[in-house]
Amino acid sequence: NRFNVWSDAEKASIYVARTIAELIVQQQHLGKPAVLGLATGNTPKKVYQELVRLHQNEGLSFHNVISFNLDEYYPIHPESFQSYTYFMKHHLFNHIDIDESNIHIPHTDLSPDRILQYCNDYETKIKNYGGLDLQLLGIGRNGHIGFNEPGSKFDSTTRLVNLHSLTRLDAEADFGTMEMVPHQAISIGIHTITQAKKILLLALGERKSEIINKALKGDVSTDVPASILQTIPQVEIVLDAEAASLIQ
Ligand code: F6R
C-alpha cells in the first residue's frame, strides 16, 4: 500500500479534499461525471469542510458529481439527527451545488420485505454509472470499512448487516443511550468497495493507531475487514502522525 503520513489531522484532511477536488475537475474537463463513494463519521468532517470552502471561495463546482454513501443505520428516519442523510446534508450537501438527484444514501425506513431488492438496486445503480471513481473510507476500531464488520465476506455486496458491539458503543455518544443505537445497518459490501478505481482510507488520531497497524501490517483475514486493502493496488492510506504512530 501507499502510505501518506501528515503531521496533523488538518493537513491530512486537506490533502484528501484536494485529491477529491482534482478528480472532480479532471472529470469535468473530460465532460464526464465523477462518481464518489462517501463516508460519514468524525474522520471525514474536515475533508467536507475543505470541499465546502473550495466551492465557496475557489469556484469548485459539484455539478458533475454523483455520490453514493457507504452506509446507513437500520432502521432510521432520514430526517433524524443521527441519520447519515442528515450528516451528509449538514456537513456537505447543503453547502455545495450538487444536483439532489445525483445523491445516493441508503434509505432505511423500509419494510423488511423490501430490503433485499433495495440493496440489489443500490449495487445496480453504482454499476450503471460505471462503478465508483473514488471511494473515501474511514476505519472502525474493529477494522470495519463501511459497516462491513469482522466476519464479513470479502465478496460481499450491499446488504443488511448486524452492527458489532464496539461499533454500537462508539455510536452511543450520538444517540444518547446504548438502547437508542440501532442494531443493524445497510452497508455496501467489501467487493463493492474494492472495485472502486481509487480508494483513499483516512484515519486520524491515536485511537486508530492500533487498528491501522493490525489491518495494514497484520494478516489478511475477514476478522479484520480492512486488511483486504493490503491486496488492492489502487489504495492510498492517508494518516496523521498519531494514527501512524504504531506502524511496524
Ligand atoms: C461511516 C463508515 C464507518 C466509519 C468508521 C470510523 O460511513 O462507514 O466505517 O468510517 O466507523 O468512524 P469515525 O470516523 O467516526 O471514527
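**Core, ligand shell and burial in a predicted model**

Tutor: In this predicted model, the largest nonpolar core has 69 residues, and those with the most contacts inside it are Val16, Leu200, Leu201 and Leu202. Helix α1, residues 9–29, supplies the largest share of this core, namely 6 residues.

Student: What makes this set of residues a nonpolar core?

Tutor: The name is given to buried residues of nonpolar kinds that are joined through C-beta atoms within 7 Å. In soluble globular proteins, nonpolar side chains tend to be buried together.

Student: Which residues is Leu201 in contact with, once its neighbours within four places in sequence are left aside?

Tutor: Leu201 is then in contact with Leu137, Ile139, Leu229, Val235, Ile237 and Val238.

Student: Why is Ile199 called buried?

Tutor: The cut-off for a buried residue is 20 or more other C-beta atoms within 10 Å, and Ile199 has 23, so Ile199 is buried. Ile199 has its place in strand β9, residues 199–203, and, not counting residues up to four places away in sequence, Ile199 touches Gln135, Leu137, Ile193, Leu229, Ile232, Gln234 and Val235. The C-alpha atoms of Ile199 and Ile14 are separated by 16 Å, the two residues being 185 residues apart along the chain.

Student: Why does Ala243 count as buried?

Tutor: Ala243 has 28 C-beta neighbours inside 10 Å, and because the cut-off is 20 or more, Ala243 counts as buried. Ala243 lies in the segment after β10 (235–240), where, leaving aside neighbours within four places in sequence, Ala243 is in contact with Ala203, Leu204, Gly205, Lys208, Ser209 and Ile212. The C-alpha atoms of Ala243 and Arg207, which are 36 residues apart along the chain, are separated by 7.1 Å.

Student: Why is Lys45 called partly exposed?

Tutor: A residue is buried at 20 or more such neighbours and exposed at 12 or fewer; Lys45 has 17 inside 10 Å, and therefore counts as partly exposed.

Student: Is Ser7 buried or exposed, and how do you know?

Tutor: Ser7 has 10 other C-beta atoms within 10 Å, and because 12 or fewer is the cut-off for an exposed residue, Ser7 is exposed. Ser7 is found in the loop between β1 (2–6) and α1, and the C-alpha atoms of Ser7 and Lys45, 38 residues apart along the chain, are separated by 18 Å.

Student: What joins Tyr74 and Pro75?

Tutor: A cis peptide bond joins Tyr74 and Pro75, with omega about -10°, and Pro75 is found in the loop between β4 (71–74) and α3 (84–91). Most peptide bonds are trans.

Student: Which residues come nearest to the ligand, and how does the shell divide?

Tutor: Of the 14 residues around the ligand, Gly41, Asn42, Thr43, Gly138 and Gly140 come nearest, and the residues of the shell divide into 5 nonpolar, 8 polar and 1 charged.

Student: Where does UniProt place the isomerase domain feature?

Tutor: The unreviewed UniProt entry places "domain: Glucosamine/galactosamine-6-phosphate isomerase" at residues 8–230. In the model, the end C-alpha atoms of residues 8–230 lie 24 Å apart, and the span is 37% helix and 15% strand.

Student: What confidence does the predictor give?

Tutor: The complex is given an ipTM of 0.99 and a pTM of 0.98, while the mean pLDDT of the protein chain is 97, with 100% of its residues reaching 70 or more.

Technical notes. Residues are numbered from 1 along each chain as its sequence is written. This is a predicted model: local features need pLDDT of at least 70, side-chain atom pairs count only at pLDDT 80 or more; totals for chains, interfaces and linings use all residues. pLDDT is the predictor's confidence in each residue, from 0 to 100. A residue is near a molecule or strand if its C-beta atom, placed from the backbone, lies within 6 Å of it. Ala, Val, Leu, Ile, Met, Phe, Trp, Tyr, Cys and Pro count as nonpolar, Asp, Glu, Lys and Arg as charged, and the others, Gly among them, as polar. UniProt positions are given in the numbering used here, feature names are shortened, and annotations may be inferred rather than shown by experiment. Helices (H or I, at least four residues) and strands (E, at least two) are DSSP runs, numbered from the N terminus. Two residues are in contact if their C-beta atoms, placed from the backbone, lie within 7 Å.
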